[in-house]
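Let's walk through this model together, one region at a time. Have the sequence and the coordinates open as you read.

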Amino acid sequence: MHTVLTRGNATVAYSLSVLACLTFSCFLSTVFLDYRTDANINTVRVLVKNVPDYGASREKHDLGFVTFDLETNLTSVFNWNVKQLFLYMTAEYKTPSNTLNQVVLWDKIILRGENPVLDFKKMNTKYYFWDDGNGLRDNRNVSLYLSWNIIPNAGLLPSVQATGKHVFKFPSEYATSSI
């Protein structure tokens, strides 16, 4: 009565429907979990230079140098639905020209099965800490935050910020030594 193609089509359609329902059920099992954890961030060395920015113009802009300590345990973040974490540390600060500045200073990818306990001492930033003007010198409200994006097997891609931040101040004079 039914051809081989009709029976094959019905089998594939039914299998895909069951797989879609199972994937959605898997997503529902982890969507309401709290992925926040505590992170301890401290600055070891902070200095700022006023150097020409040849990428955009020849005007002088502030370039910050930060050495930091980072300690956190991300074991509780990993479950069966987490493939990897994309960690990144941002610096947020105010300047007279901008009410919110955000700069990514460091990042790291942690795959499932790797050690999720981080204990870094005297780490340098991975990316330059450029300001779009001269807003870093004597800035007292620079905050460091650790955040991560969760790459799941199924479901949403949540962005989570760790509890805990570190506030520091840039010095009031420019550094003259070479780094």
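This is a predicted model: local features need pLDDT of at least 70, side-chain atom pairs count only at pLDDT 80 or more; totals for chains, interfaces and linings use all residues.

Residues are numbered from 1 along each chain as its sequence is written, and side-chain values use heavy atoms, with hydrogens and water left out.

In one of them, the side chain of Asp119 meets that of Lys121 at 3.5 Å, N to O. Lys121 counts as exposed, at 51% relative accessibility.

Another salt bridge pairs Lys126 with Asp107 at 2.7 Å, N to O. Lys126 lies in the loop between β5 (117–124) and β6 (129–130) and Asp107 in strand β4, so this pair ties together parts that are 19 residues apart in sequence. Strands here are DSSP runs (E, at least two residues), helices are runs of H or I with at least four, and both are numbered from the N terminus. Asp107 counts as buried, at 13% relative accessibility.

Next comes the pair Arg140 and Asp138, whose side chains meet at 3.8 Å, N to O. Salt bridges that share partners join Asp138, Arg140 and Lys169 into one network. Arg140 is exposed, with a relative accessible area of 56%, whereas Asp138 is partly exposed at 33%.

Now to two buried positions. Val103 is found in strand β4, which covers residues 101–111, and has a relative accessible area of 14%. Leaving aside neighbours within four places in sequence, Val103 is in contact (heavy atoms within 4.5 Å) with Met89, Thr90, Ala91, Tyr93, Tyr128, Phe129 and Trp130. Val103 and Asp131 are 28 residues apart in sequence, and their C-alpha atoms are 8.7 Å apart in space. Ser147, in strand β7 (residues 142–152), is buried with a relative accessible area of 6%. Apart from residues up to four places away in sequence, Ser147 touches Phe86, Leu87, Tyr88, Val160 and Gln161.

What about open space? The largest pocket has a volume of about 150 Å³. Of the 13 residues that line this pocket, Gly64, Phe65, Val66, Asn124 and Thr125 are the closest to its centre. On a 1 Å grid over the protein atoms alone, a pocket is an open set of points where a 1.4 Å probe fits, with protein on both sides within 12 Å along at least five of seven lines, and lining residues have an atom within 4 Å of a point. Strand β2 (residues 60–73) supplies the largest share of the lining, five residues. By class, the lining has seven nonpolar, four polar and two charged residues.

Finally, turn to the stretch that UniProt, in an unreviewed entry, annotates as "transmembrane region", at residues 12–35. Over residues 12–35 the chain is 79% helix and 0% strand, with the end C-alpha atoms 36 Å apart.

Note on methods:
Grid points are joined across faces, edges and corners, and a volume is the space filled by probe spheres set on the points. Ala, Val, Leu, Ile, Met, Phe, Trp, Tyr, Cys and Pro count as nonpolar, Asp, Glu, Lys and Arg as charged, and the others, Gly among them, as polar. Buried means under 20% relative accessible area, exposed over 50%, partly exposed in between (1.4 Å probe, protein chains only). A salt bridge is a side-chain nitrogen of Lys or Arg within 4 Å of a carboxyl oxygen of Asp or Glu. UniProt positions are given in the numbering used here, feature names are shortened, and annotations may be inferred rather than shown by experiment.
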